[in-house]
Amino acid sequence: MGRGFYVPWVFRMIKIENLTKRYGSVYALDDISLEIEKGEVVGLLGPNGAGKSTAMNILTGYLSATSGTVAIDGIDILEDPVEAKKRIGYLPEQPPIYPEMTVEEYLNFVFDLKKCTFDRKEHLKEICEVVKLTDVYKRIIKNLSKGYKQRVGIAQAIIGNPPVIIFDEPTVGLDPKQIIEIRNLLRILGKKHTVILSTHILSEVQAVCERIIIIDKGKIIANEQTSEITRAIEDNNRFKVKICGDRAKVLSALRDRSGIVKVEEEGSRDSDSALYIVETERGIDVRKTVFYACAENNLPILEFAPLGAELEDVFLKLVDKNLNAKSDR
Ligand code: ADP
Ligand code: MG
C-alpha cells in the first residue's frame, strides 16, 4: 500500500473513533481509535479476553458500543446500519450455520437473507469455486469436516461481494493442513477486499496480514506494518543454546568473548547437557562466536534458537518500547 505519501484514491474504509465497551466494571474495549484503508489486510492480534470479538461484533453492528463511533465506507453503523452492514461480510467466532441444511440450501438461504441482486446461480457458483465448496455443494453441512464447515462460513460471509470482510479467529480448531488452506484462501480474498482477521497466533498474522494491530485488555498496544513487528522480533539479542559438557567449562568458554554480554544456565540439566541463555550486544550476530568458542573447547551444541518469537515476548518488547519512548520525551 502507498503508506507514507498521499494517494488520492486510498481512503478510509473503516474509521473507529474512541470506541469503548464496558461490561459492568470490565472495559472490554477502552477508548480505541483506528483507521483502515481500502484494500488493506489487517490482523487483530491479542490473547484471549483482549477484546477482539467485542471489537468485531461492534464493527459489524451485532453489538452496541458504550461510547464512540464506527463508520464503514463513510457510513455510520448506528445512523444507517442497513447500508453499513451491506458493506461487510462477517464470519463470527461461532459461524451462523444451519447444520441440517445442505451447502446449496444454506447458501441460497443466505443469498435471500442478504437480498442479493446478483445472478444467483452464477454468483453462488463463483463463490463455491473460490472457497472450494463445489464438490460438497449437495451435502448436508453437519456431515462435513471442520475445515469444510469453515469454508461454508467463509462462503456466507462473501455472498453479495461486500468490500469489507471480517473473520474472527477463522483457523481455531482446524488441523494444520486445513489451517494452510484457509490461510491461502484469506490471502486470495485479501487481493479484492479489505480484510480484518483476528487471531491469538502471531505467525498467522505474519503469514497473512500487511498490518498488525495488537490489542491487550481492551487497548491498542501496537499498530504497525507486519515487517516492523517482524523486525522487532528478529532484532533479538537473546539465544537459547543447549550445550553438552561441564557447566564451569561452558561458562568460561563463553564469558568474556567479544559481543557476548551475559551467559546463564537455565532450568534443570539433563545428564550431560544443559540449556544456557546467551545474551549478546544489540545488533551483533554472535552465533559464529558461540559456535567456535564451544568447538574449541570440545563442547557440542545440541540446540541453538533465538528467544522470543512468542506473542508474550512481542508484548513485553512493545510495552517496553512504549515505556522507553515515553521516558525519552
Ligand atoms: P477476545 O475475543 O479477544 O478473546 P472478547 O472480546 O471475547 O475477547 O472479551 C473481552 C473481555 O470482555 C473479556 O474480559 C470478556 O470476559 C469480557 N466479555 C465479553 N463478552 C462479555 C459479556 N457478554 N458479558 C460480560 N463480559 C464479557
Ligand atoms: Mg474472541
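User: What lines the largest pocket, and which residues lie nearest its centre?
Analyst: In this predicted model, 26 residues line the largest pocket. Nearest its centre lie K85, K86, I88, L113 and K114.

User: Which elements give two or more residues to that lining?
Analyst: Four are listed: the helices α2 (81–86), α3 (103–113) and α5 (146–158), together with the strand β6 (88–91). The volume of this pocket is about 790 Å³.

User: How do the residues of the pocket lining divide by class?
Analyst: There are 17 nonpolar, 5 polar and 4 charged residues. Lys counts as charged, whereas Ile and Leu count as nonpolar.

User: Why is E93 called partly exposed?
Analyst: Its relative accessibility is 43%. Buried requires under 20% and exposed over 50%; the value for E93 falls in between, and therefore E93 counts as partly exposed.

User: Is N237 buried or exposed, and how do you know?
Analyst: N237 has a relative accessible area of 11%. Because the limit for buried is under 20%, N237 is buried. N237 is placed in the loop between α8 (226–234) and β11 (238–244).

User: What is N237 in contact with, leaving aside its neighbours within four places in sequence?
Analyst: Heavy atoms within 4.5 Å count as a contact. On that basis N237 is in contact with V278, E279, T280, E281 and R282. For D285, 48 residues from N237 along the chain, the separation of the two C-alpha atoms is 8.1 Å.

User: How many cavities of 30 Å³ or more does a search of the whole structure find?
Analyst: The search finds 1. The largest cavity has a volume of about 130 Å³. A space is called a cavity when a 1.4 Å probe fits but cannot get out.

User: What lines the largest cavity, and of which class are the residues?
Analyst: Its lining has 14 residues, with I16, L34, L44, A55 and L59 nearest the centre. By class there are 14 nonpolar, no polar and no charged residues. At least two lining residues come from each of β1 (12–23), β2 (26–37), β3 (41–45), α1 and β9 (211–216). β2 gives the most, with 4 residues.

Definitions and conventions
Residues are numbered from 1 along each chain as its sequence is written. Chains are lettered from A and ligands numbered from 1 in the order in which they are written. This is a predicted model: local features need pLDDT of at least 70, side-chain atom pairs count only at pLDDT 80 or more; totals for chains, interfaces and linings use all residues. Side-chain values use heavy atoms; hydrogens and water are left out. On a 1 Å grid over the protein atoms alone, a cavity is a set of points where a 1.4 Å probe fits but cannot get out, and a pocket is an open set with protein on both sides within 12 Å along at least five of seven lines; lining residues have an atom within 4 Å of a point. Grid points are joined across faces, edges and corners, and a volume is the space filled by probe spheres set on the points. Buried means under 20% relative accessible area, exposed over 50%, partly exposed in between (1.4 Å probe, protein chains only).
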